[in-house]
Amino acid sequence: IRRKEVICFSEAGWRGMRRFSLLLNRLGISNLVFISARPPREVREIIEDKSHIFNFFFPRKFFRILSYLILARRLLVGKVAGIVVEKRRTLKTLQFTRDIWKIPIFFLEEIDGGFRLFKDGMEVKNPDTILESLLS
């Protein structure tokens, strides 16, 4: 069985996406996090310590092209179970994945102390059920 993964686009802040990635990690779901920044080494070492979380740091200038190329490759080999974005522009751009590949796209909104997650405009009230949503 080919292991599926969640692709995360972290473009606006990092705390909400980090908390979401940690949730997926606890559920045993691999996730690739495309980060639009290159933080100092000390910061990267802190956030790169989990077995199911794979961070890719891209300079802002190349973020879109590099992250979209990697996403395209992962889609073609059938590895993607879901996509999580933080910007509405990215959500709009990636709608084709939902339409063509039937891959669910989630919108993550960072809030104090956590995040809110939306699927098709509706809030996911219990993000722990994300596993069921991704595999259904």
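Q: Is Asp120 buried or exposed?
A: Asp120 is exposed, because its relative accessibility is 54% and the cut-off for exposed is over 50%. This is a predicted model, so the value is computed from predicted coordinates.

Q: Where does Asp120 lie?
A: Asp120 is in the loop between strand 6 and strand 7, the latter being residues 122-123.

Q: What is the phi of Asp120?
A: Asp120 has a positive phi, about 55°, although it is not a glycine.

Q: And what about the phi of Lys102?
A: Lys102 also has a positive phi, of about 60°, and is not a glycine. Lys102 sits in the loop between helix 5 (95-100) and strand 5.

Q: Lys102, buried or exposed?
A: Lys102 counts as exposed, because its relative accessibility is 64%.

Q: OK, on to Thr97. Which element is Thr97 in?
A: Thr97 lies in helix 5. Thr97 is buried, with a relative accessible area of 0%.

Q: What does Thr97 touch, not counting residues up to four places away in sequence?
A: Thr97 touches Leu75, Ile83, Lys102, Ile103 and Ile105.

Q: Which backbone oxygen lies 2.7 Å from a polar atom of the Thr97 side chain?
A: That backbone oxygen belongs to Leu94.

Q: You listed Ile105 there. Where is Ile105 found?
A: Ile105 is found in strand 5. Ile105 counts as buried because its relative accessible area is 5%, and buried means under 20%.

Q: What is Ile105 in contact with, leaving aside neighbours within four places in sequence?
A: The contacts of Ile105 are Ile83, Leu91, Leu94, Gln95, Thr97, Arg98, Phe118, Lys119 and Asp120.

Q: How many residues apart in sequence are Ile105 and Gly82?
A: Ile105 and Gly82 are 23 residues apart in sequence, and their C-alpha atoms are 5.9 Å apart in space.

Q: Change of topic. How many residues are in the largest nonpolar core?
A: The largest nonpolar core has 18 residues. Those with the most contacts inside it are Val6, Cys8, Met17, Phe20, Val84, Leu108 and Leu117.

Q: Which elements give two or more residues to this core?
A: They are strand 1 (5-10), helix 1, strand 2 (30-36), strand 3 (53-58), strand 5 (105-111) and strand 6 (114-119). Helix 1 gives the largest share, four residues.

Q: What other core lies apart from it?
A: Another core, of 17 residues, lies apart from it, and Val85, Leu91, Phe107 and Phe118 are among its members.

Q: What is Asn25 in contact with, leaving aside neighbours within four places in sequence?
A: Asn25 is in contact with Asn31, Lys50, Ser51, His52 and Ile53.

Q: Where does Ser67 lie?
A: Ser67 lies in helix 3, residues 63-76. Ser67 is buried, with a relative accessible area of 0%.

Q: Which backbone oxygens lie 2.7 Å and 3.3 Å from a polar atom of the Ser67 side chain?
A: The backbone oxygen of Phe63 lies 2.7 Å away, and the backbone oxygen of Arg64 lies 3.3 Å away.

Q: And what is Ser67 in contact with, leaving aside neighbours within four places in sequence?
A: Ser67 is in contact with Phe9, Phe34 and Phe58.

Q: Which elements give two or more residues to the lining?
A: Helix 1, strand 2, helix 2 (41-47) and strand 3 do.

Q: How many nonpolar, polar and charged residues does the lining have?
A: The lining of the largest pocket has eleven nonpolar, five polar and three charged residues.

Q: Last one: where is Pro39 found?
A: Pro39 is found in the loop between strand 2 and helix 2. Pro39 is buried, because its relative accessible area is 18% and the limit for buried is under 20%. Leaving aside neighbours within four places in sequence, Pro39 is in contact with Arg44 and Phe57.

Note on methods
Residues are numbered from 1 along each chain as its sequence is written. This is a predicted model: local features need pLDDT of at least 70, side-chain atom pairs count only at pLDDT 80 or more; totals for chains, interfaces and linings use all residues. Side-chain values use heavy atoms; hydrogens and water are left out. Contact means heavy atoms within 4.5 Å. A nonpolar core is a set of buried Ala, Val, Leu, Ile, Met, Phe, Trp, Tyr and Cys residues joined through side-chain atoms within 4.5 Å. Buried means under 20% relative accessible area, exposed over 50%, partly exposed in between (1.4 Å probe, protein chains only). A polar contact is a pair of N or O atoms within 3.5 Å; within protein, one must be able to donate a hydrogen and the other to accept it, and residues adjacent in sequence count only if both atoms are side-chain atoms. Ala, Val, Leu, Ile, Met, Phe, Trp, Tyr, Cys and Pro count as nonpolar, Asp, Glu, Lys and Arg as charged, and the others, Gly among them, as polar.
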